[in-house]
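This report describes the surroundings of a ligand and the strands next to it. The sequence and structure come first, and the text follows.

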Amino acid sequence: MTNNPVRPARVDEAEELTQIAVRATRNDGYDDNAIVRFMPALKVNLSLIAAGLVFVADSEAGVPHGYVAVRPAGIGGLILLEGIFVDPAHSRRGVGTRLFATAVELSRKMAGNVILINSSPSSVDFYARLGANKIGATPFVFSPDVQLSMFAFAIPPSGEHGVEAVRGGRSS
Ligand SMILES: CC(C)(COP(=O)(O)OP(=O)(O)OC[C@H]1O[C@@H](n2cnc3c(N)ncnc32)[C@H](O)[C@@H]1OP(=O)(O)O)[C@@H](O)C(=O)NCCC(=O)NCCS
């Protein structure tokens, strides 16, 4: 992975992005039946792409390695993290952190001050490392046997270090 800029997603690559989400979820240990149940949450939302709210991290060769999607909640400065997925073949190289930093920048442009995250069990350490605070738990709506951790990430004022501090020192 290089430091290629994270870029807006295109509608014509929606299926490719959805397959990244499927692979990332399967890599967390979920079987085919679970993937079918989770599909509404894994399928990238075309209207969010059209609204410019989905961003993709590419390889140097232009192959998507992950994406992030956000959505304003419509309440004050609250932004919802709709999804963040990194292809497991490229995990732990800073791609997720760069995508989250993009979500923070985008949220700031939308006058957001807090990003609300429903985290899968395997992603809890990722969000904690980014500086998000656990505020509760909720059953996953598409599979209530799975408990999601709710995190709030306070968006730092422009110019202050937030996610960037976590990214420091990475070459990916
Ligand atoms: C969670 C996810 C987006 C992280 O992407 P990533 O590119 O691997 O993350 P990064 O490389 O930026 O990781 C940054 C730090 O987060 C933490 N972290 C990330 N993944 C972790 C894991 N599986 N277990 C423990 N810590 C983890 C580590 O501290 C890591 O730093 P390190 O590699 O130097 O130790 C990715 O693993 C993923 O797509 N997971 C499956 C789908 C999912 O659960 N998405 C979130 C839905 S809520």
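## Strand pairing and ligand shell

In this predicted model, β4 and β5 pair in the parallel sense over three bridges. Strands count as paired if DSSP finds at least two bridges between them; strands (E, at least two residues) and helices (H or I, at least four) are DSSP runs, numbered from the N terminus. Leu 80 stands opposite Leu 116 in β5. From β4 the chain passes through α4 to β5, a β-α-β crossover that is right-handed: with the strands pointing away from the viewer, the path from the first strand over the helix to the second runs clockwise.

Strand β3 (residues 64-72) runs antiparallel to β4, and seven bridges join them.

How far is β4 enclosed by the rest of the structure? Seven of its nine residues are buried, so β4 is largely enclosed. Ile 75, in contrast, is exposed, with a relative accessible area of 58%. Buried means under 20% relative accessible area, exposed over 50%, and partly exposed in between (1.4 Å probe, protein chains only).

The ligand has 22 residues around it, of which Arg 92, Gly 96, Thr 97, Ser 123 and Arg 129 come nearest.

| Residue | Protein atom | Distance to a ligand oxygen |
|---|---|---|
| Arg 92 | polar backbone atom | 2.8 Å |
| Gly 96 | polar backbone atom | 2.7 Å |
| Ser 123 | polar side-chain atom | 2.7 Å |

Taken alone, the ligand exposes 910 Å², and the protein buries 79% of that (Shrake-Rupley method, 1.4 Å probe). Two or more residues of the shell come from each of β4 (78-86), α4 (95-109), β5 (114-119) and α5 (124-130). The largest share, four residues, belongs to α5. By class, the shell has seven nonpolar, nine polar and six charged residues, with Gly counted as polar.

Ile 75 lies 26 Å from Ser 123, C-alpha to C-alpha, and 48 residues away in sequence.

Residues are numbered from 1 along each chain as its sequence is written. Local features need pLDDT of at least 70, side-chain atom pairs count only at pLDDT 80 or more, totals for chains, interfaces and linings use all residues, and side-chain values use heavy atoms, with hydrogens and water left out.

Methods: Near = heavy atom within 4 Å. Polar contact = N/O pair within 3.5 Å; in protein donor to acceptor, adjacent residues only side chain to side chain.
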